[in-house]
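This briefing covers selected local features of one chain. Please read it alongside the sequence and coordinates shown below.

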Amino acid sequence: MRIVGIAAVAASLLAGSAHGEDLKPFDFKGFTTGMTLESVRRDAMISSCTPGVFRGVAMTQCNVADQSGGIGGYDAIRLRVTFDEVSLIMLNSMVPRAGFEAIGAAFQTKYGPPCAVDEPTLQNGYGANFPQLVYSWCFSDGTLQLSRFATSNVKLSEIAFASKRYLARPAPAAPVNF
């Protein structure tokens with residue numbers, strides 16, 4: 001659901017400003033899209049990294065070393081950054097769902113009002129529906145989203161940033177099955 005939400009904002013983001021004003025570059029707890037994996041390793045901003053391949057591109061996902069200070073007064077759960085062959089392309093974290101409103105208010109104080117608000121309905125495996133709420137902030141180099149329910153756990157909220165370079169990558173072709 002998170003990727004679909006980011007894709008919904010991507011078209012307006014890739015075309016330019018959502019509100020006609022100049023968009024600022026993304027900056028979250030010192031992480032920016034211009035950072036390289038080597039620079040964050042050198043500055044000891046990450047603790048461990050795992051290489052992998054996603055959408056046919058080599059990527060490295062790293063745990064953030066210092067998660068102190070929290071986000072909007074709430075502790076981050078598994079704050080991670082992802083790099084491709086050039087620089088940072090994604091950032092994600094979970095936070096306690098009780099902190100959703102406070103974190104949203106902190107993001108509005110730092111980044112201004114969201115460029116988009118989405119209210120899809122989520123359904124679990126038992127058929128129960130949940131009213132999701134997703135706030136999106138547009139930047140010159142990507143989109144940050146705060147989702148009331150994390151994709152993997154409704155007791156958590158989710159923070160996800162995807163860079164324009166990541167959003168512009170074509171999805172891999174579906175395998176042909178005979």
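Ser 140 touches Leu 23, Lys 24, Pro 25 and Lys 164, leaving aside residues up to four places away in sequence; contact means heavy atoms within 4.5 Å. This is a predicted model, in which local features need pLDDT of at least 70 and side-chain atom pairs count only at pLDDT 80 or more, while totals for chains, interfaces and linings use all residues. Residues are numbered from 1 along each chain as its sequence is written, and side-chain values use heavy atoms, with hydrogens and water left out.

**Ser 140**

- Ser 140 sits in the loop between β8 (134-139) and β9 (142-147); strands are DSSP runs of E with at least two residues, helices are runs of H or I with at least four, and both are numbered from the N terminus.
- The C-alpha atoms of Ser 140 and Leu 23 are separated by 4.8 Å, although the two residues are 117 residues apart along the chain.
- Ser 140 has a relative accessible area of 31% and is therefore partly exposed (buried is under 20%, exposed over 50%, partly exposed in between, with a 1.4 Å probe and protein chains only).

**Aromatic pairs**

- The structure holds 10 aromatic pairs; rings of Phe, Tyr and Trp (its six-membered ring) pair if their centres lie within 6.5 Å, and planes under 30 degrees apart count as stacked, over 60 as edge-to-face and the rest as tilted.
- Phe 107 and Trp 137 are edge-to-face, because their ring centres are 5.4 Å apart and their planes stand at 90°.
- Phe 107 belongs to helix α3 (residues 100-111) and Trp 137 to strand β8, so this pair ties together parts 30 residues apart in sequence.
- Both Phe 107 and Trp 137 are buried.
- Tyr 111 and Phe 139 form an edge-to-face pair, with 5.0 Å from centre to centre and 90° between the planes.
- Tyr 111 is in helix α3 and Phe 139 in strand β8, 28 residues apart, and their pair links distant parts of the chain.
- Phe 139 is buried, with a relative accessible area of 5%.
- One aromatic cluster includes Phe 26, Phe 28, Phe 100, Tyr 135 and Phe 161.

**Positive phi**

- Most residues other than glycine have a negative phi.
- Lys 29, not a glycine, has a positive phi of about 50°; Lys 29 is in the loop between α1 (2-15) and α2 (37-42).
- Lys 29 counts as partly exposed because its relative accessibility is 35%.
- Ala 44 also has a positive phi, near 55°, and lies in the loop between α2 and β1 (46-54).
- With a relative accessible area of 55%, Ala 44 is exposed.
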